[in-house]
Amino acid sequence: MNKEYRVAVVGATGMVGQTFIQVLQDRNFPISKITFFASKRSAGSTVFFRGLDYVVEELTESSFDQCFDFALFSAGGETSLKFAPIAANKGVVVIDNSSAWRMKDNIKLVVPEVNSHVLKKGDLIIANPNCSTIQSVVPLQVIHELFTVKRVIYSTYQAVSGSGYKGVMDLKNGYEHKAPEFYKKQIFDNCFPHIDDFLDSGYTKEEKKMMDETKKIMGLPNLLVSATCVRIPVTVGHSVSMNVECEKPIDLIQLSKAFDANSNIVFYEGTHYPTPLDVAGNDLVHVGRLRKDLSTENGIHLWAVADNIRKGAATNAIQIAEYLIKENLV
Ligand SMILES: NC(=O)c1ccc[n+]([C@@H]2O[C@H](COP(=O)([O-])OP(=O)(O)OC[C@H]3O[C@@H](n4cnc5c(N)ncnc54)[C@H](OP(=O)(O)O)[C@@H]3O)[C@@H](O)[C@H]2O)c1
């Protein structure tokens, strides 16, 4: 009989937590026991999983005294910093969606299609990258393997669900001309180049995450990366315009064939292109608008769209767990 695993979902009542529940069901993840945690605020509420109601428990320092194999965390950075080590000390493999652990030297930051090979038995805290970064590095790795990427410039168009339920409520309330409660500016009928806090460099933290995380995931510390991240009034689905410069001359037909043959990518040829509405509820990265950048040698443009809560968060984390299981690393 195939082995089944004991799973804790931390942040189960949130946008990503609810999607964990959906994706675990959709992918038929092998589970012998599952427990759902949130803060005191939601303790006692119920979540529905595989036909049963489960009572949400308050996350406390003794939560991991119950035995688990995996803990899927999506409860913010502070919660991760405090509780992931407690879980790891009990031998639980934590896969964390917050940015708290991503850039720490001894922590693996993983997109399975790109760098699952870094995972080893005994990795107990594993970081899931930023949502826009995940969907960007999947096609970027394909380009890199063929033509050696030298520089990439990202311009993102990010959905409000990237901010959790608070962002979605601000967009919905905007339809009724109510003032925003979460964003500093109105998102309804608007967009703004401001995701997360500003840094002294003039970049935002979200932009810095994309720049740093791309290099770490691809194992290319000297890659030149820049980003501008923009919030747009779309509920689900981030889009990224990517301008990529390579060392070698780019053969567009060869690259199109490589995208087409890649089971993690849905490739749109010619004048066809993906939109956020096309990708909601889907686990793949959708790529289109592939063309030469006529302003530079060895440059291309492309457009990558993915469901930010699934591939950008829950699905990627569950794919990491699936890889550990397949390779007998847990
Ligand atoms: N949304 C995205 O597209 C996305 C993508 C990638 C990564 N992430 C990251 O994933 C995390 C969650 O994001 P989200 O969008 O799901 O946010 P969210 O909708 O606001 O949900 C937050 C969740 O965390 C729980 N939580 C908060 N404080 C807690 C505590 N002290 N102890 C236990 N649980 C606590 C909340 O429980 P209560 O119900 O009790 O408040 C809720 O379940 C964040 O770190 C975010 O940066 C989000």
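**Domains.** Domain bounds here come from an automatic or database domain assignment. I am working with a predicted model, where local features need pLDDT of at least 70, side-chain atom pairs count only at pLDDT 80 or more, and totals for chains, interfaces and linings use all residues. Residues are numbered from 1 along each chain as its sequence is written.

I find the protein chain split into domain 1 (5-128 + 313-326) and domain 2 (132-308). The centres of domain 1 and domain 2, taken over C-alpha atoms, lie 25 Å apart. I then looked at contacts, which means C-beta atoms, placed from the backbone, within 7 Å of each other. On that rule 13 residues of domain 1 are in contact with 17 residues of domain 2. On the domain 1 side, helix H3 (112-115) and helix H9 each supply at least two of the touching residues. Helices (H or I, at least four residues) and strands (E, at least two) are DSSP runs, numbered from the N terminus.

I sorted residues by type: Ala, Val, Leu, Ile, Met, Phe, Trp, Tyr, Cys and Pro count as nonpolar, Asp, Glu, Lys and Arg as charged, and the others, Gly among them, as polar. The side of domain 1 that touches domain 2 has six nonpolar, five polar and two charged residues.

**Ligand shell.** Which of the 29 residues around the ligand come nearest? I noted Gly11, Gly14, Ser39, Ser42 and Gly164. The shell divides into 11 nonpolar, 17 polar and one charged. Helix H1 (15-26), strand S2 (31-38), helix H2 (77-89) and helix H9 (310-326) each supply at least two of its residues. H1 gives the most, three residues. Why does the ligand lie between the domains? Domain 1 and domain 2 both give residues to the shell, so the ligand lies between them.

**Helix H1.** I checked its span next. The expected span of a helix is 1.5 Å times one less than its number of residues. H1 has 12 residues and reaches 17 Å from its first C-alpha to its last, close to the 16 Å expected.

For burial I used C-beta atoms placed from the backbone: a residue is buried if 20 or more others lie within 10 Å of its own, exposed if 12 or fewer, and partly exposed in between. The buried residues of H1 are Met15, Val16, Gly17, Thr19, Phe20, Ile21, Val23 and Leu24. Their cover includes strand S1 (5-10), S2, strand S3 (46-49), strand S6 (70-73), helix H5 (165-175) and H9.

**Core.** A nonpolar core is a set of buried Ala, Val, Leu, Ile, Met, Phe, Trp, Tyr and Cys residues joined through C-beta atoms within 7 Å. The largest one has 92 residues, and Val9, Val10, Ala71, Leu72, Val94 and Ile95 touch the most other members. Helix H4 (residues 131-147) gives this core its largest share, eight residues. At least three residues come from each of domain 1 and domain 2. Leaving aside neighbours within four places in sequence, I find Leu72 in contact with Val7, Val9, Val10, Phe20, Ile95 and Ala317.

**Single residues.** Not counting residues up to four places away in sequence, Ile125 touches Ala84, Ala88, Val94, Asp96, Trp101 and Ile107.

Phe48 lies in strand S3. With 11 C-beta neighbours inside 10 Å, Phe48 counts as exposed.

I looked up Asn28 in the loop between H1 and S2. Asn28 has a positive phi of about 55° although it is not a glycine. Asn28 counts as exposed because it has 8 C-beta neighbours inside 10 Å.

Asp189 also has a positive phi, near 65°, in a residue other than glycine. Asp189 sits in the loop between H5 and helix H6 (205-218). Its 10 C-beta neighbours inside 10 Å make Asp189 exposed.

Last, I went to Asn262, in the loop between helix H7 (252-261) and strand S13 (265-267). With 18 C-beta neighbours inside 10 Å, Asn262 counts as partly exposed. Asn262 and Pro139 are 123 residues apart along the chain, with 9.3 Å between their C-alpha atoms.

Technical notes:
Contact = placed C-beta atoms within 7 Å. Near = placed C-beta within 6 Å.
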